[in-house]
Amino acid sequence: MCNLGERTMLELGEVCKAYNIELHSIHSIKENLAQYHLPFTSKHYEELYKCNIASIDDFSKITTHDLHTICQQDYNDTTKTYDALKDNGVVFQAWEDQYLFELLSEKIAQKLSRKYHIDTISRLRSCSEEYIESMPSAILPSVKAVLTEY
């Protein structure tokens with residue numbers, strides 16, 4: 001906050017504490033998450049602030065779809081962040097669809113996203129059989145396995 005003295009900030013902190021209100025800033029979120037080396041920029045931290053995510057544990061309260069939104073719909077950033085968070089024990093809440101990075105190797109999921117604009121199970125299911133068959137043989141078995149399982 002701007003134009004508040006140290007004493008006022010301390011008083012404000014005490015009032016918030018008395019009413020079980022947590023104060024967070026983008027700076028404190030950056031500090032809390034620094035050790036995890038997440039691929040975040042200032043815009044990502046603004047989204048984390050809006051979503052009330054201040055620590056690694058808070059990510060367990062959101063879905064992978066929320067994470068994709070926080071990552072500005074950037075599939076590459078979402079994939080990297082997802083992997084880093086999973087490596088640190090984060091388990092996301094369920095939502096109505098699944099991203100392919102949750103089910104396939106990063107390389108295959110990235111290729112499907114970039115080349116074919118397919119990033120979720122529902123989008124993959126909506127593809128015609130001919131379209132699926134036209135995919136490279138290197139990724140076809142994985143794609144078919146996901147379609148069979150889901």
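## Tyrosine 19 and the end of H1

Tyrosine 19 sits in the loop that joins H1 to helix H2 (26-33); helices here are DSSP runs of H or I with at least four residues, numbered from the N terminus. This is a predicted model, in which local features need pLDDT of at least 70, side-chain atom pairs count only at pLDDT 80 or more, and totals for chains, interfaces and linings use all residues. Residues are numbered from 1 along each chain as its sequence is written, and side-chain values use heavy atoms, with hydrogens and water left out.

Tyrosine 19 is exposed, at a relative accessible area of 63%. The classes are buried for under 20% relative accessible area, exposed for over 50% and partly exposed in between, with a 1.4 Å probe and protein chains only. Together with Val15 and Ile21, Tyr19 forms a nonpolar surface patch of about 340 Å² accessible area. Patch members have over 30% relative accessible area and no salt bridge; nonpolar side chains (Val, Leu, Ile, Met, Phe, Trp, Tyr) are joined within 5 Å, like charges within 9 Å. A salt bridge is a side-chain nitrogen of Lys or Arg within 4 Å of a carboxyl oxygen of Asp or Glu. Areas come from the Shrake-Rupley method with a 1.4 Å probe.

Helix H1 covers residues 6-18, 13 residues in total, and its first and last C-alpha atoms are 19 Å apart, close to the expected 18 Å. The expected span is 1.5 Å times one less than the number of residues. After H1 comes asparagine 20, with a positive phi near 55°.

## Other positive phi values

Most residues other than glycine have a negative phi. Histidine 37 has a positive phi, near 50°. Histidine 37 belongs to the loop between H2 and helix H3 (42-50) and is exposed, with 70% relative accessibility.

Glutamine 72 also has a positive phi, near 60°. The loop between helix H4 (64-70) and helix H5 (75-87) holds glutamine 72, which is partly exposed at 37% relative accessible area.

## Glutamine 110 in H6

Glutamine 110 is part of helix H6 (residues 106-116). With a relative accessible area of 6%, glutamine 110 counts as buried. Apart from neighbours within four places in sequence, glutamine 110 is in contact (heavy atoms within 4.5 Å) with Tyr75, Asn76 and Thr79.

## Serine 137

Serine 137 is found in the loop between helix H8 (129-133) and helix H9 (140-149). Serine 137 is exposed, with a relative accessible area of 65%.

Methods:
Helices (H or I, at least four residues) and strands (E, at least two) are DSSP runs, numbered from the N terminus.
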